[in-house]
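Subject: Handover of a structure

Dear colleague,

Please find below the sequence and structure that I am handing over to you. An account of what was found follows directly after.

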Amino acid sequence: MDMSNPARSRAAQAGIAAKITRVETLPLRVPLKVPVKIAAGGARPDVEVMLVRLHSDAGVSGVGETQAWRRQGSDATLASLKSAIEGQFAPLIVGRSPFDIAPIMKSMAATSGHSRYAQAPVSDALYDLQGKLLGVPVYQLLGGRCRDKVDSCAVLYLHPGLDATLADADAIFARGFRSFAIKVGVDLKADIANVRALRERFGAEVKLRVDANGGMKFDDAAALLKAIEPYGIDAAEQLLPMWELDAMAELARQSTIPFVADECLSDERDLMEIVRRRAASGIQTKTAKNGGIWHARKLWQIADAAGLRIFPGNHPGTSIATVAVAHLATAWPGELLDGPFTVGLSALGEDIVTEPVRLDGGAVRVTDAPGLGVTLDEEKIRRLRAEV
Ligand SMILES: [Mg+2]
């Protein structure tokens with residue numbers, strides 16, 4: 001910030017003095033291009049997105065995103081998110097400075113336990129608002145630029161047959177991705193055939209990972225790992241249900257394929273248990289699942305200290321959740337893997353910002369625009385509004 005410019009300096013001072021005047025929830029139903037299928041639950045036609053917009057008396061607002069994912073680890077619905085954010089959180093937020101992020105996050109956790117999905121959009125809206133008030137990008141608030149771009153991998157969902165799987169993989173490859181998170185866990189034979197066919201199709205040029213979203217039994221998971229070991233698998237993610245940490249640890253010791261914890265990781269205590277039991281050697285975090293930038297950064301710090309690999313991820317979401325992870329990753333000084341945090345950009349039929357995040361191959365470059373650098377498309381917000 002150029003403090004030698006008196007007008008700019010006064011504007012920044014006014015920004016620091018700003019107070020939050022209103023907490024607005026924007027529940028949306030955003031259509032998927034094609035219904036996505038994973039091991040847990042049926043295929044879905046849309047994603048339930050909850051945005052939070054924090055208004056300030058400086059005439060500037062900040063926005064953050066979560067999703068009502070309603071699978072292992074998440075029982076939040078649009079209605080429960082709205083109730084938590086408007087009923088429990090708003091009274092703790094209105095009247096405060098947007099720079100009071102630590103006491104605001106602490107008070108939300110104190111009023112509503114296990115509420116990371118509801119806390120996420122508040123965390124990220126606070127960062128967005130701070131950045132907009134100061135005229136700096138969020139990555140700058142988080143410590144500055146540590147990398148030029150943030151790489152991501154693509155998600156290959158479950159398809160009815162091998163031909164459809166390969167057609168989807170070809171399209172993903174053509175878009176520039178060289179790293180696949182392959183959904184598995186419904187049909188063991190098909191899973192093994194998919195992995196083999198993908199390795200044969202793309203050779204050593206691509207990274208292959210498998211993700212069962214907690215949907216497998218121990219014996220099937222052990223059989224899968226053994227069968228796909230020869231195909232150079234980079235990681236096996238959450239093969240077993242989220243509550244089976246001991247079984248995860250036992251399975252991890254049987255296999256040479258690195259294990260990644262996803263659904264079983266909500267907060268810091270979960271991560272300490274994963275580390276203590278050596279149930280995984282990597283983690284995936286998500287904006288919604290883990291409580292936004294504020295909480296995800298703590299998880300990354302613990303994982304880094306424990307020597308775990310970090311995959312920045314997301315449920316399918318809009319540009320807002322995507323760019324929130326990109327800012328966090330841009331300011332991250334440690335090692336990062338190409339996680340699936342951009343999955344929503346490929347999966348959603350529409351985005352809800354005026355200039356959606358652009359992918360270059362699998363990479364995102366965050367801009368120097370203030371805050372998260374995104375502007376809501378008000379027409380789409382009205383059209384995709386969900387009745388809650
Ligand atoms: Mg996963």
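The crossing of H2 and H4 is right-handed; a crossing counts as right-handed if the near helix is turned clockwise from the far one by less than a right angle, and as left-handed if anticlockwise. Please note that this is a predicted model, in which local features need pLDDT of at least 70 and side-chain atom pairs count only at pLDDT 80 or more, while totals for chains, interfaces and linings use all residues. Residues are numbered from 1 along each chain as its sequence is written.

Overall form

The protein has 15 helices and twelve strands, which are DSSP runs numbered from the N terminus (helices: H or I, at least four residues; strands: E, at least two). Its C-alpha atoms fill a box of roughly 65 × 45 × 40 Å along the principal axes. The radius of gyration is 21 Å, which agrees with the value near 21 Å that a compact globule of 388 residues would have; this radius is taken over C-alpha atoms, and the globule rule is 2.2 Å times the number of residues to the power 0.38.

The two domains

Domain 1 covers 6-135 and domain 2 covers 141-371, with bounds that come from an automatic or database domain assignment. Their C-alpha centres lie 23 Å apart. Across the boundary, 40 residues of domain 1 are in contact with 39 residues of domain 2, contact meaning that the C-beta atoms, placed from the backbone, lie within 7 Å. On the domain 1 side, at least two residues each are supplied by strands S1 (20-36), S2 (44-56) and S3 (61-67) and by helices H3 (101-111) and H4 (116-134). H4 gives the largest share of that side, 13 residues. By class, the side of domain 1 that touches domain 2 has 20 nonpolar, twelve polar and eight charged residues. Here Ala, Val, Leu, Ile, Met, Phe, Trp, Tyr, Cys and Pro count as nonpolar, Asp, Glu, Lys and Arg as charged, and the others, Gly among them, as polar.

Helix packing

Two packed helices are described by the angle between their axes and the distance between the axes. The axes are lines fitted to C-alpha atoms over the stretch in contact, and angles run from 0 to 180 degrees between N-to-C directions.

H2 (residues 78-93) and H4 cross at roughly 55°, and their axes come within 10 Å. The two helices are therefore oblique to each other; angles under 35 degrees count as roughly parallel, over 145 as roughly antiparallel, 65 to 115 as roughly perpendicular and the rest as oblique. In this pair, Leu81, Ala84, Ile85, Phe89 and Ile93 of H2 meet Tyr117, Ala118 and Val122 of H4. That contact has eight nonpolar, no polar and no charged residues.

For H6 (residues 162-174) and H7 (residues 188-202), the axes come within 11 Å and cross at roughly 40°, which makes H6 oblique to H7. Their crossing is right-handed. Residues of H6, including Leu162 and Phe173, meet residues of H7, among them Ala193 and Arg201. This contact divides into eight nonpolar, two polar and one charged.

H9 (residues 245-254) and H10 (residues 268-277) pack at about 40° with their axes 10 Å apart, so H9 is oblique to H10. The crossing of H9 and H10 is right-handed. Leu245, Asp246 and Ala249 in H9 meet Glu273, Ile274 and Arg277 in H10, a set with three nonpolar, no polar and three charged residues.

With kind regards

Terms used: Contact = placed C-beta atoms within 7 Å.
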